[in-house]
Amino acid sequence: MKKRQKKNLILAGIVIGLIVIFLAYKSINSTSSSGFKVDPSLVVQNEPDPTIGKPDALIVIEEYSDFTCPHCARFSLETLPKLYRDYIKTGKVKFIFKPFLRTPQSLAPSNAALCAYEQDPVKFWEYHEKLFEGFYKAGPPYYNKRNFIAIAHQLGLDVEKFKQCLESQKYKKDLLEIQKEALERGVRATPTLFIAGYPIEGAPPYQDLKQLIDKALENMKNPQGTQ
Amino acid sequence: MIKKAFWFFTLLGLAVSLYLTYAYVIAHRIACIGGGCEIVASSPYSRIFGIPQPIMGIVFYTSLILFYISRNLRKFIPLIVSIGAIYSVYLTWVEVSILHAICMWCMISAICTWALFFITLVYEDF
């Protein structure tokens with residue numbers, strides 16, 4: 001009797017466990033993107049690196065970001081939309097995204113992102129968000145040619161032109177230049193932010209980032225306050 | 001012997017969960033061999049319905065202790081352990097197949113859970 005009860009409890013446990021797993025997995029995979037939409041008028045055209053912000057923005061934030069870095073994904077998906085809402089849209093900050101080749105696996109998604117940028121600097125921001133979102137949910141295997149093209153198709157980019165750009169690794173040279181520049185500037189980890197030229201390693205929580213930006217803005221308005 | 005093994009794996013699992021909760025929720029830095037912990041910790045799979053997985057670990061191992069102490073509830077240990085064991089299979093599958101990163105602490109906790117499942121199967125007191 002006792003053995004039977006134990007067997008039933010184990011079976012019940014396995015069934016409950018499977019239900020929990022199903023619900024947990026479903027909740028993760030139904031998470032939609034943050035819906036980060038960039039106002040086209042804020043996208044700076046003809047810049048070598050993807051840039052958003054008003055031309056007369058008070059400070060510049062540069063981000064060296066790697067598409068294979070989970071912290072960079074979190075920064076782009078969670079922090080950047082807030083930064084955009086509070087500082088970029090309001091004309092205080094100009095934001096420059098620099099894809100950094102941290103590992104050999106970083107090349108394919110970085111090149112794909114720049115292929116999207118070449119075609120449409122506005123849609124680049126959606127493209128980069130979708131890359132990070134896919135990587136965040138599915139890990140490194142998400143970065144394959146089929147997914148790169150699928151996103152391009154979804155965003156209405158010229159798929160044939162995109163494929164050529166992808167296959168020729170058109171931006172490899174430019175990416176190596178960015179990597180060289182980053183290493184010369186002392187970038188050792190990703191993401192690394194340069195807030196008005198001042199380096200910050202890692203992805204700080206938004207509240208901490210806000211404080212750093214506010215301090216930089218204050219220093220801009222009151223240069224005597226700086227060291 | 002089996003009883004000692006039960007306590008060993010329960011307390012080891014609890015210690016790992018406590019450390020991971022501290023590292024994940026408070027320190028935001030995990031000591032790790034192999035570097036997989038950061039990937040796992042920063043992925044969406046590190047939480048279940050918004051709750052950090054290490055906290056679920058604390059709940060799991062603490063409930064085992066409480067259920068063991070209480071004579072009336074002890075019979076439900078197989079239920080709890082089998083939920084934990086199957087859930088550990090899922091988390092290990094996520095690490096290997098989706099994230100391609102192994103978190104050593106998560107693996108220790110998974111081994112504890114599977115060992116507890118095995119103990120539950122053979123221990124007649126439950």
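View 1. Setting aside neighbours within four places in sequence, A:Pro109 is in contact with A:Phe67, A:Leu131 and A:Tyr143; two residues are in contact if their C-beta atoms, placed from the backbone, lie within 7 Å. This is a predicted model, where local features need pLDDT of at least 70, side-chain atom pairs count only at pLDDT 80 or more, and totals for chains, interfaces and linings use all residues. Residues are numbered from 1 along each chain as its sequence is written, while chains are lettered from A and ligands numbered from 1 in the order in which they are written. Buried or exposed, what is A:Pro109? A:Pro109 is buried, with 25 other C-beta atoms within 10 Å. (A residue is buried if 20 or more other C-beta atoms lie within 10 Å of its own, exposed if 12 or fewer, and partly exposed in between, again with C-beta atoms placed from the backbone.) A:Phe148 sits 39 residues from A:Pro109 in sequence, yet their C-alpha atoms are 7.6 Å apart in space.

**View 2. The open sheet of chain A, with five strands in the order β1-β3-β2-β4-β5.** Helices (H or I, at least four residues) and strands (E, at least two) are DSSP runs, numbered from the N terminus. Two strands pair if DSSP finds at least two bridges between them, and here the pairing is mixed. β1 (51-52) and β5 (198-201) of chain A stand at the edges with a single partner strand each, so one side of each has no neighbour in the sheet. β1(A) pairs with β3 (residues 93-99) of chain A in the antiparallel sense, over two bridges. Look for A:Ile52, whose bridge partner in β3(A) is A:Phe95. Helix α2(A) packs on the sheet, touching β1, β2 (59-65) and β3 of chain A. The direction of α2(A) makes about 160° with that of β3(A); axes are lines fitted to C-alpha atoms, for helices over the stretch in contact, and angles run from 0 to 180 degrees between N-to-C directions.

**View 3. Strand β2(A) and its partners.** Five of the seven residues of β2(A) are buried, so this strand is largely enclosed by the rest of the structure. Seven bridges join β2(A) to β3(A), and the two run parallel. With β4 (residues 192-195) of chain A, β2(A) runs antiparallel, joined by four bridges. A:Tyr64 is a handy landmark: it stands opposite A:Lys98 in β3(A) and opposite A:Thr192 in β4(A).

**View 4. Helix α1 (residues 2-27) of chain B.** This helix has 26 residues and reaches 36 Å from its first C-alpha to its last, close to the 38 Å expected at 1.5 Å a residue; the expected span is 1.5 Å times one less than the number of residues. Which residues of α1(B) are buried? Among them are B:Phe6, B:Phe9, B:Val16, B:Leu20 and B:Tyr24. Their cover includes α2 (36-41), β2 (51-52), α3 (53-69) and α5 (104-122) of chain B.

**View 5. Where chain A meets chain B.** Here 23 residues of chain A are in contact with 22 residues of chain B. On the chain A side, the elements giving two or more residues are α1 (2-29), α2 (70-88) and α4 (123-138). The largest share, 14 residues, comes from α1(A).
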